[in-house]
Amino acid sequence: MNRRLRIGLYVVGGTFLVLLVAALIATYVVLQPERFTALLQSRARAAGLELTLASPASPTLWPKPALELDGLTLRGQSVSTPLLVASRGKLVLPWHTLLGGEATMSRLEVEGVRIDLDAVSAYLDTLPPRSSMAGATLPTIDAGFRITRGTLLRGTRLMLSNIEANADRLASGKRFVLTLSARTADDTPYALELEALPTLDHGVLSLTGTGLRISSEKRFGMDLQGTATWRGGADIGASLAGKLTRADATPYDMALSVTPANQNDPLYIALKLDGDNEHTNLRVPPIALASWWSGMQGVGSPTLPPLVGTADIGSLDAGNVHIKGLHFESTPAQASTAGSTP
């Protein structure tokens, strides 16, 4: 190799090294990890939460500008037990942040997440009550998010494991897609996909082109399409229809609707299933159902769930419960009694 070529290679190599060092310095100087960490923490405090990291965030440029987060812990300001603990996270940033643009986030990814339902419930109890006369709101997700290897607990009790969730940015006028998969404590797999176009206008939230799909591999699959509206409080309406398929059984035609509460009746969810010699027409008051479920966790005598309507089902497979030849009939008076707390 002649001397001129060697000098040329040294110059090229030296220039590349200088550019690489400059890029690394620029990454730290321009991205300023501390400002994004402070942004996350300030948003958490605004919601009554405290966010801590096990170590300072570290910036990266490949494949997109991002901050690597290590050991995230999120807890309520008056709750000792963490709501959420994650082993690692990544805060993906838009490219304009390299040019000194506004500190915004385009995506949040967390791995090895552990969520405690009891801590979440305790935090929600600290929030001020919302007026029943207030209009609908859209809890905007400025950045899409992704969760991998998640776990849902209730104290020490395992509820869900292997949680994988992915969502787009949630904003009025932008189509939103959410996918979720998990396994229950008995290792049964479930998957959910929700897509809709949310529009918030004068206190009315409309979801058009709504698609809801829920399935459990080799067990059942549900595919519904329709619309929904929310005007605030219990003023919720929805109409969805589609198919419910079952393993080794004929499918159901399925219709799901929600009627808002009024001065005489509570909020109801109506479910209709029509198959070969099997028919279900039930109305479920979700608030009374939640009260009934809470009562079932205590030491009181078991009672029937607060359902209204009829059901004739050849077989029912719900987790570890297997029922054949089910016939159910309940009047509003019976449902009211069943939904009362002893």
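Among contacts in the protein chain between residues at least 6 apart in sequence, what percentage join residues at least 24 apart? The figure is 44%, where contact means heavy atoms within 4.5 Å. This is a predicted model: local features need pLDDT of at least 70, side-chain atom pairs count only at pLDDT 80 or more, and totals for chains, interfaces and linings use all residues. Residues are numbered from 1 along each chain as its sequence is written, and side-chain values use heavy atoms, with hydrogens and water left out.

**Overall build**

- The protein chain has five helices and 16 strands. Both are DSSP runs, numbered from the N terminus: helices are H or I with at least four residues, strands are E with at least two.
- Of its 342 residues, 29% count as buried. Buried means under 20% relative accessible area, exposed means over 50%, and partly exposed lies in between (1.4 Å probe, protein chains only).
- The accessible surface of the protein chain is about 20400 Å². Carbon and sulfur atoms account for 61% of that surface. Areas come from the Shrake-Rupley method with a 1.4 Å probe; for residues, only the protein chains shown count as cover.

**Nonpolar cores**

- The largest nonpolar core holds 19 residues. Such a core is a set of buried Ala, Val, Leu, Ile, Met, Phe, Trp, Tyr and Cys residues joined through side-chain atoms within 4.5 Å.
- Elements giving two or more residues to this core are α2 (33–46), β1 (49–60), β2 (66–76), β3 (84–92), β4 (107–116) and α3 (117–125). Strand β2 gives the most, with four residues.
- Leu72 is among the residues with the most contacts inside the largest core. Leaving aside neighbours within four places in sequence, Leu72 contacts Leu51, Leu53, Leu84, Arg88 and Val110, among others.

- Arg88 sits in strand β3. Arg88 counts as partly exposed because its relative accessibility is 42%.
- Beyond four places in sequence, the contacts of Arg88 include Leu69, Asp70, Glu109 and Arg149. Glu111 is another contact of Arg88; the two are 23 residues apart in sequence and 5.3 Å apart in space, C-alpha to C-alpha.
- Thr210 lies in strand β9 (residues 204–216). With 6% relative accessibility, Thr210 counts as buried.
- Not counting residues up to four places away, Thr210 touches Leu194, Glu195, Leu224 and Leu240, among others.

**Salt bridges**

- Side chains of opposite charge can pair when their charged atoms come close.
- The structure holds 13 salt bridges. Each is a side-chain nitrogen of Lys or Arg within 4 Å of a carboxyl oxygen of Asp or Glu.
- Lys90 pairs with Glu68, with the closest N and O atoms 3.8 Å apart. The pair links distant parts of the chain, β3 to β2, 22 residues apart. Lys90 is partly exposed at 23% relative accessible area, and Glu68 is partly exposed at 32%.
- Glu109 bridges to Arg107, with the closest N and O atoms 3.4 Å apart. Glu109 is partly exposed at 24% relative accessibility.
- Arg154 and Asp118 meet in a salt bridge at 3.2 Å, N to O. Arg154 is in strand β5 (residues 144–154) and Asp118 in helix α3, so the pair ties together parts 36 residues apart in sequence. Arg154 is partly exposed at 45%, as is Asp118 at 37%.
- Salt bridges that share partners join Arg175, Glu193, Glu195, Arg213 and Asp223 into one network.
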